[in-house]
Amino acid sequence: MLPMNPYLESELDRRCKLFRLWELPKASRKDFLDANSPSIRALVGNSAAGADADIIDALPQLEIVVSYSVGFDKVDLAKCRSRGIRVANTPDVLTDDVADLAIALSIATLRKICSADRYLRSAAWKTKGQYMITSKFSGKTVGIIGLGRIGSAIAKRAEAFGCFICYHSRTQKPNTNYKYYPDIISLAMDCDVLVVACPLIAETRHIVDRKVIDALGSNGVLINIGRGSHVDEAELISALLEGRLGGAGLDVFEYEPHVPRILFSLDNVVLTPHVGSATVETRQAMADLVLGNLEAHVMNKPLLTPVL
Ligand code: 8YV
């Protein structure tokens, strides 16, 4: 499990009886839960560790799950619903940061900023001369999978770069002039940069598969700020190695924190360790939203950002 945000941890510690499940070795988890589960009424998770059926079953008094994340793919919603457990997440406050990172990864990948930085640091500028010519971002066609809060924020930013915006989602969105593609392969064929920004649900697992990657093609760039499992990572790697895909900017990976080492050797790939929301300002706002939801629950009020 990931360590908890220090501010959130200290506030939870001050306001409640906090059990640090993330520090618990797996082997002692069962004994710990047997001894303490009757007093556990709330569970705080994140994008790496949520509330699966096992932990929910082990906590008979559980009333609420709050995820320190907008994505709630690690929460067993069906189980929570059947037990009448409330669920909340931390939307909106992280939208700007995640959208900023999507644009940053797009530019960094096309302009090969990280590779150019490595080039300079290795003194190659002096010995080999000018770094290679790269590709432009402004004016490109950007395809977005998922035009929710984060997808729309990415679209707005890309528009400011003179990009043409098109998108795929389950249904066409009213009040937007962006071109809608009911078929994701056609979207991938028509865009230069394809950004994954949809929630992870059963239907969107591997939404970017070999066919989509091949449709994006050898000049196309894939950006993933959603979840690693949106993309068939093995297919992505083959396409990058075989030159069937132009490049990729990835903040998320299928088996985090494991990132296939083969990616490290590719200059057309930019990798970040799931840091979409990781700014001081946003993490503080996410923590406050977790605390606000817990407080609302205890006071029998509507949750601030309910999922269930
Ligand atoms: C993580 C995220 O929650 O909001 C999401 O869905 O993936 C991130 O904000 C964050 O990295 C803490 O785990």
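Residue numbers start from 1 along each chain as its sequence is written. As the model is predicted, local features need pLDDT of at least 70 and side-chain atom pairs pLDDT 80 or more, whereas totals for chains, interfaces and linings use all residues.

An open sheet is formed by seven strands with parallel pairing, in the order 6-5-4-7-8-9-10 (strands are DSSP runs of E, at least two residues, and helices runs of H or I, at least four, numbered from the N terminus; strands pair if DSSP finds at least two bridges between them). Strand 6 (179–180) and strand 10 (269–271) are the edge strands, each pairing on one side only. Strand 6 runs parallel to strand 5 (residues 164–168) and is joined to strand 5 by two bridges; Tyr167 has Tyr180 of strand 6 as its bridge partner.

Helix 1 (residues 6–15) packs against helix 12 (residues 280–298) at an angle of about 25°, with the axes 9 Å apart (axes are lines fitted to C-alpha atoms over the stretch in contact, and angles run from 0 to 180 degrees between N-to-C directions). The two helices are therefore roughly parallel to each other, a term for angles under 35 degrees.

Definitions and conventions. Angles under 35 degrees count as roughly parallel, over 145 as roughly antiparallel, 65 to 115 as roughly perpendicular and the rest as oblique.
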